[in-house]
Structure formats: C-alpha cells, structure tokens
Amino acid sequence: MAVRTPGVGLPGRPRLLAPTFAVVAVLLLLGGIGVSLYTDLLWFQDVGFSEVFSTVLRTRLLLFVGFGLLMAITVGANVTVAYRVRPPFRPMSLEQQNLERYRVAVEPFLVPVLLLGSSLFGLFAGLSAASRWQTYLLWRNRTSFGQVDPQFHRDVSYYAMTYPFQRFVLGFLLTAVVLSLLAAAATHYLFGGVRLQTAGDKVSPGARAHLSVLVGLVLLLKAVAYYLDRFGLVFSTRGRVQGASFTDINAVLPAKNVLIGVAVICALLAFANIVVRNILLPGGAVALLVVTAVVFGGIYPAYTQQFRVKPNEIEREAKFIGRNIDATRKAYSIDDVVTTPYSATGTANAGLRTESGTVENARLLDPNVVSPTFVALQRQRGYFTFSPDLDVDRYDFGDGSGLRDYVVGARELNLAGLAGDQKNWINEHLIYTHGNGIVAAPANDVSKGEPQFVVKDLPVTGPAGFRLTEPRIYFGEGTTDYSVVATKQEETDGPVGGSDAPTYNYTGTGGVELSNPLRKVAYALKFREKNLLLSNQVDDSSKLQYIREPRERVQKVAPFLELDDDPYPAVVGGKILWIVDGYTTSAGYPYAERTTLGQAVRDSQTRGPQLPAEEVNYIRNSVKATVDAFSGKVTLYTFDDQDPVLKTWDKAFGGLLQPKSAIPKELAQHFRYPEDLFKVQRQLLSKYHIENPREFFQGDDYWQIPGDPGDTTETPATPAAGTTGVTGPGLLNAEGQAADQPPYYVVQQFPGTGTPSFNLTTTFVSRNGPNLTAVASVSGDPGADYGKIRLLELPRNRNVAGPRQVAALFNSAGEVRGDLLPLAQRGSTVIPGNLLTLPVGNNLLYVLPIYVKAAGNDSFPTLQLVLGAFGQDRVASAPTFAETLDELFGRTRTTPRATPSPGASASPTAPGDGLQPLADAVTRAFEESQAALARNDFAAYGAAQGRLQQALQALADASGTPAATSPSAAPSPAASGR
C-alpha cells in the first residue's frame, strides 16, 4: 500500500483565500452602496424630491468619472511615454545592475501594474472631485449679483461662484502634472533613462525632452496660479481687516504680475531644454522663479508693511478699511440699520404700566426653563414629552386679547419613557409611533407660579378661534428612530376621548411603502433588522417612516442650505407644521469680514444641533421650509427672491422651490426672524455699527455681547446639604465667566415704531466694561417692516447699567435678598429666567423671573418671584409682575405676599413687610462680613459671620422655613462696588 505524503495532491486552498476575501469584500462594499442608493431613491421619491437625488448623483458621477479618468489617463500616459522612450542599451554600472533585478520583476506585469496604479490615482482624484459637486453646480449655474468689487471691478458672482471652481481645477491640474512628473521620473530611472551614477550623459534625450515638457507645464500652471492669486487678494487677512490692504495692492499685486512673467519665461526655458539639451536650463528656471518669489513675493511686501504702512497705518489703511466696512454691512444685511440716540433718562410714573404695549407683554415664561413644568402638567403619559427647549410664537385667537406671544410645545413621542418590559421591537416601532397635540401658554400670564395653558390637554382644546383637525405628530424633533405604520398592529394614540388607551391606524401619505419583498430586504439590510422582513404584522400596504426630525428632513432635500438650529411648531390650516429657517451662505464676498457660524451662534442656551463651524462672509435667510407633522411633507418656500445664491441653486435643481407668492397668509403670520441669523448679525454689529474708517481703526467704540447673568454653569447646579441653593454670593452671575446672553423674542412697541410687534431683541455692552451701549431689535412680523433692525444707542458720557450690572444690583439690594433667601430653602434650587431689557418711558425696564424647583424627581420649576428695575435707581421684587410694577412705578406693597402654589415646587411663602427688617439685617451682616474679608480683618469677619447666621435663623423662624447657612464668603458684586 502506497504511503501518501501529507499535502501532496491537495488543492492550494490558502492561495485562493486572498482573492476570495477580496471578491467578497468588493461585493459587500458594492452591495452596501447599492442598498444605500436604492433606499435613498425610495425616500426621495416618497417626499417628492427625486430631482435632488438624481441631480446630486448625476453631478457626483460626472465629476468622479471625468476627473478620475483625466487623472488616470494623464499619469498612465506619461508612464507609458517614459517606458517607450527608454534607451535600448544602458551602460553597465553597479547602479544599473541593481536596477536590473527590479526591471526583470516588473516588466512581465507592466500592463497590470500600470492599469492598477493609474486606476488608484484616478479613484482618489475622482472621489475628491465628486466631493466638490456644490462648487461645480454653483459655477455651472452662476447668477450675477449686480455688484462689482472696488479693486478689479468684477461681479461678486465671480468671487462667490467662479473663482472657487477655477482654483479647484487649477489645483487638480497641478496635482496631475506633478504626479505625472514624479511617476515619469521614477519610470525613467528604473529603465535607464535617468542614470545618476553612470559616467557620461546622466539623462537620455527622450527622458530629457519628456521631463522638460512636464516641468514647463508645471511652471505654466504656476503662472496661472499667480494670475488667480491677484483676485484672491480681496480675501487677504494681512491688514487690519479682511480684504486687500495697502500692502496687498501696492506690493503684493505688482509682485504677482512680475511673477506671472517670470513663470512664463521659466516655462519657455524649460521647453527650450528639449532642443538645447542642457540640464541647467530647467534647473536655472526653477531657481529663478524661487528667488523671484522670495524677493518680490516675500521680502518686498514685508518691507512695505513694516516701513511704509506701520508708521502711518491709519492713513494707509483708511481706504481699504472703508471697503471692508461697506462690503461687510452689505454681505450680512446690516447696511440699513436704523440707529437712534436714546438718552435713558426717563423717570418712573404710574402711567408707564400701560405704555406702548411693551410692559403688559413682558415675557415671564422662559422657554428654556419651563419645559419640565409643561411635562409635569401636560405630558399625559410617560411615552409623551416636550422638547427641553420650548419655542415662542404668537397668535391672535380673536378673543379680544390681540396679538400675544405664547410659549408653545409639541407633545412628542418619547420612547425612553417606556418601562423596561415594554421595550421590544413591536412596541418601539409598530405601536408607539407618534406624539399627539400641541400646548400653548401666554408668555406673560402666570397664576400661582404656573403657566396658564390656553391650548392644552387631549383631545386638544383651545380658544374659540383655535382650530386643530389633525393633532398627531409622526415627524418631530424627538422622533429620531424609524416607525412602521399602517400595519396590522394598531398604534397607541394616547389618552384621547376618555379612553385610557385608544388606538389608531395611520391614514396619511408619509413613509416609504414596503410594497414588495425587494424593499423589505433593502430596509432590513439598511437598519440591520430582520423583523422588517419576517414580521407578519408588516404587509404590502405598510409604510416605513424614517429621517423624521424636521431639521434633518429639510437638510436631506436641500443640502445646499444651512439650517437654523431651532425648528418650531405652528398650527396652520388645522395642522401642525414645523417651520425651519434656511440660510444661503458664501465665503466669497470680496472684502467682507468672515465669521465662523458655529462660534457666532453659541450662547448660554446653546444645546443640540447648531450651524457648522465653517467660515462665511455672506448670509441670507432665503428659504422658509415647512414639515407637516402628520405626513412629513416638506415644502420649501422662496423667502428672499433677490438672493443670487438662491437663484443659482434653484436653476441647478430645476423648480425645487415654491415662489414667495405661494406662501399661505396664515403660515406667513407665524414666520419669525430667525435667531441664528440675528446672532451672526449682532456679532458683526458689535464692530460694524461704526462706518467711519478712522474710528473703526481706533476701536474705542467696539461693543460686545454681554455675558448671561443667569449662566451659572461654573457653579454646582444642586446646592450642598445645608446650603441656601443660591449660587455664589448672590443669585446671579454678575462677575464670573459666562456665555453670551441669548437674544429673546417678545411682543413690544420698540421706540420708533407705531404699534407692538413680535421682535427679537438683544443688548450690547462696552468692549472694555459692563455698561450698556445699545439695544437692538428686529421685527418678525410679516410686511414691509420684517427684518428691519433698529438700534438704540445709549449715551457715552455716563454709565447705563448693562445686564450684569443689573444682576449685581439685584444681588446687593436688601429687599431682593430678603425675598430670595426664604425661597432657597434646603434642597430647593433657585433658577433665574431670562433677563429682559425693555426700552420704556425713555428709560430701561429690566425684568427677571425667578423660578424655584423643590427637591425630588417629581418637582418642577414654578415662578415664585419677579425682579424688576427701572433705570438704576429703582429696584423691586414681588411674587407677581403686577406687584413688582407697583413698587417700581410709585406704589408700595399694601397686601401680604401671595402664597405660591403648593403643587410641584413646594416653595415657601415670600416674606411680607413684617419680615423686611429681618431681611435687612441679613443683608447688613453679609455686607459687613464681606468688607471685613476685603481688608483681611478675620476677627471682624468671624463676628460678622456669627451675626449673619443669627439673622438667617431669625428670618427662617419668622417665615416658617428651615434655617439656611450663610452665603458664600467670596466677594460679591455689591461689595466690590459695581
């Protein structure tokens, strides 16, 4: 019997593993791409925007194939030329002997290696080009701005749309030629065309000619780059502001012109090397260009800047600063701001309570604070919730109250609220599929510390003028996962109509129909969920809803827009619509200052998604988008029909946008001026309110956004055991680090206007101090006044209190501290709301609501105190706004404090007049301890702290609340004299 040698006769399986794995990997990759494209196509067809899908895909494929092939052919052709002009005989040398081994190894596989290498170069070039599809479409469909830059007199569209594509194409060509030069040089070296260690000629005639042509092309392309660099000077950052400066125009621009000529001459010298056959020609040409670039492009501009500009900078740069000011104001739509001097010298009187519709509409409900209150009072079931940041909108329900602003919230689906034994695929994707209803409370109406809901409950009820026929919310800010609707399984509809668990089966049009097995397989693969394929609850009429968040949904159908981070719900035509503001942006407006979007919109309330951290110098709110909360239908309305950037995108996508005339009047009533745009504009206005170049250069009148006095993120949110719950030495952050104060929506009659309107308002303070310098407001009401920014400039010759100075005033006022300390009982958290600065009676009314949240998971914030100040002389605090106004405008407290709601917050009653002496004693003892600490008199400090503890105990005993420990001993704003 023959003995079989192990391994002999067995198939070479290990050699097949690598190709097999490669084929499987490619199939998986292609399959994943195919599933993604197929499901995307189905989604776009469902929302009615398949043209977006096809345009983007077609453009990306065009760029990928076109630029990829061009790169592959360019590199491959040059390698082929290098191989074909190789010398037939190579002088023998050690270098050539070593290279021979590689030639022998490569030559049999030269074609596959060439194809593979060229393909890789083409693949990466194609992928890079495909990512520039927006740049290509802007160039291909460019629209004139009708404005020219002041230096080269070219239309702005050249810089915004043509110039970026030219730079991309030039960069691609330079990359292709340089890669070809490197690949050709390597091929020439491998096959003996370039011999570094061989006696005699180092370069063969064919290699010399080939490489000379490539070097000449690089130099010609460099000349084109210098030519384009001239126009890029309008984006220069060399001077005091962005845009071409004195040095750029008088030194860099002439240098670029010289370098263009030198680069062309150097290219001709390189081409001449084909005939002259002297390696010194291309080498000398490159050296000449380098030396010229250093001298003319580097040394000369540096000399000009240092010795001509610096000694007389304000005179040299004034003209160019003026260009920057004009361009920036136009690019950000702040060129028509109405500026009015405002003396802020008015005196308090009882008539101000009803002046001009501003005081009566002062917003008491802070949408960033009261969401837990909405949840506790209106959630109805654990699987519903409200957004952590509620929204502000305005309605006129025809009940005689007129236009009022309301804090509104949509009752959305909250799968996190399901109990552990409820969490399974059927419940999470087939049964609990939607939210239900909307809730609204007047922003200026509070009773017993709680909102007074006028739109509420399930089924939703509201005033006589309110109509909501379809309250269900399948698409909302909280619906981040997919749902399958119109299945055999009934959906839970919430406690509606007296039934604890009524059911509903979706009858809308939103969602991709799972009408055939191919679709089910595709989505099962996409979501990695086999139940989509196997469940007998899902039939051919079922619909799959995904990409349900309004902002994400609009971004998908309009990828060329930047979106405001705060979509808000509105009831329009009996339906709930999400309104999303869309911005067109550009970084190509000549001379305009660039700003980083993500940074400009950040403030103390920034959470969640926000604008990207990209630099732009042009922005318009050109699109108002809506998303139907029931059907998911997306509609894009043209809002700024004069915007050339939007016109360009509309041409590119062919009828994507509805005209402005198609906006329903009822919908337009709910449009508001977008907050993110206003944040960007106010950041620019802090400097660009100055129109005189000399004053701008000096910078003495620069402003800044004030820090938010309510931003206490630097301190623990929950007080330690035995402490007051009042952060730091006072309630408000008057001195520490704080993020920017956010702008606020409020109905007011701003000075200079005839009637109250729904405005977005912000304040400015001096760059070098906390004093108020200006108040800006922009109208959000539809009509000719929409978007009109009005600016009240405060006097410079005296101090007007800014938000943080008002916070210090509240912290130090005895009557305020006497009211606050009992609220901050052990375990309770005091939460400051939005500090409003309202121009009233030729002065400023400051309003700050104070909320208290008791200890415990089931508690929620309730309004317990309203602080107010009129100018800097009158400060008041009371449980209600009406009582605060009484104290500010001439009346004193005549009734005991109203007892807060015994509901959720369980806050103690604020002190009445009988407790005021005790509160004053607390304040006195605290101020004495601070003064002792400031002069390092620790004996006096200890005695004062003892008196403070006794005063706190006496106040606690008198008010019936547990004694609180003394506040922190850190120096207070009041003690520091601010």
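Let's start with strand β22, residues 634-638, which is mostly covered: five of its five residues are buried. Buried here means under 20% relative accessible area, while exposed means over 50% and partly exposed is in between, using a 1.4 Å probe and protein chains only. Strands, for us, are DSSP runs of E with at least two residues, helices are runs of H or I with at least four, and both are numbered from the N terminus. Which residues sit on each face of β22? On one side you find V634, L636 and T638, on the other T635 and Y637, and all are buried.

Before I go on, a word about the model. It is a predicted model, where local features need pLDDT of at least 70 and side-chain atom pairs count only at pLDDT 80 or more, although totals for chains, interfaces and linings use all residues. Residues are numbered from 1 along each chain as its sequence is written, and side-chain values use heavy atoms, leaving out hydrogens and water.

Back to our strand. β22 pairs with strand β21, residues 618-628, in the antiparallel sense over five bridges; two strands count as paired if DSSP finds at least two bridges between them.

Now a second bit of pairing. An open sheet of three strands runs in the order β11-β15-β14, with antiparallel pairing. Its edge strands are β11 (483-485) and β14 (512-513), each pairing on one side only. β14 pairs with β15, residues 543-545, over two bridges in the antiparallel sense, and E513 has K543 in β15 as its bridge partner. As a reminder, strands of a sheet pair through backbone hydrogen bonds, either parallel or antiparallel.

On to the helices. How do α5 and α6 cross? The axes of α5 (residues 133-140) and α6 (residues 156-190) come within 8 Å and cross at roughly 125°. Axes are lines fitted to C-alpha atoms, for helices over the stretch in contact, and angles run from 0 to 180 degrees between N-to-C directions. That makes α5 oblique to α6. The cut-offs are these: angles under 35 degrees count as roughly parallel, over 145 as roughly antiparallel, 65 to 115 as roughly perpendicular, and the rest as oblique. The residues that meet, with contact meaning heavy atoms within 4.5 Å, are T135, Y136, L138 and W139 in α5 and M161, T162, P164 and F165 in α6. By class, this contact of α5 with α6 has six nonpolar, two polar and no charged residues. For those classes, Ala, Val, Leu, Ile, Met, Phe, Trp, Tyr, Cys and Pro count as nonpolar, Asp, Glu, Lys and Arg as charged, and the others, Gly among them, as polar.

Helix α5 also has α2 (residues 50-84) as a neighbour: their axes come within 10 Å and cross at roughly 100°. That makes α2 roughly perpendicular to α5. The contact is made by T55, V56, T59, R60, L62 and L63 of α2 together with W133, Y136 and L137 of α5.

For another arrangement, look at α8 (residues 246-276) and α9 (residues 280-309), whose axes come within 8 Å and cross at roughly 175°. α8 and α9 are therefore roughly antiparallel to each other. Their contact has 23 nonpolar, seven polar and one charged residues.

Helix α11, residues 371-378, has S371, T373, F374, V375 and Q378 as its buried residues. What covers them includes β2 (384-385), β4 (404-410), β7 (438-442) and β9 (450-451). Just after α11, Q380 takes a positive phi of about 80°.

Here are some backbone details. Most residues other than glycine have a negative phi, and most peptide bonds are trans. H153, in the loop between α5 and α6, is not a glycine, yet has a positive phi of about 60°. Is H153 buried or exposed? H153 is exposed, with a relative accessible area of 57%. A486 also has a positive phi, of about 55°, but A486 is buried, at 12% relative accessible area. Finally, a cis peptide bond joins L458 and P459, with omega about -5°.

To step back, the protein has 25 helices and 32 strands, and 54% of its 978 residues count as buried.
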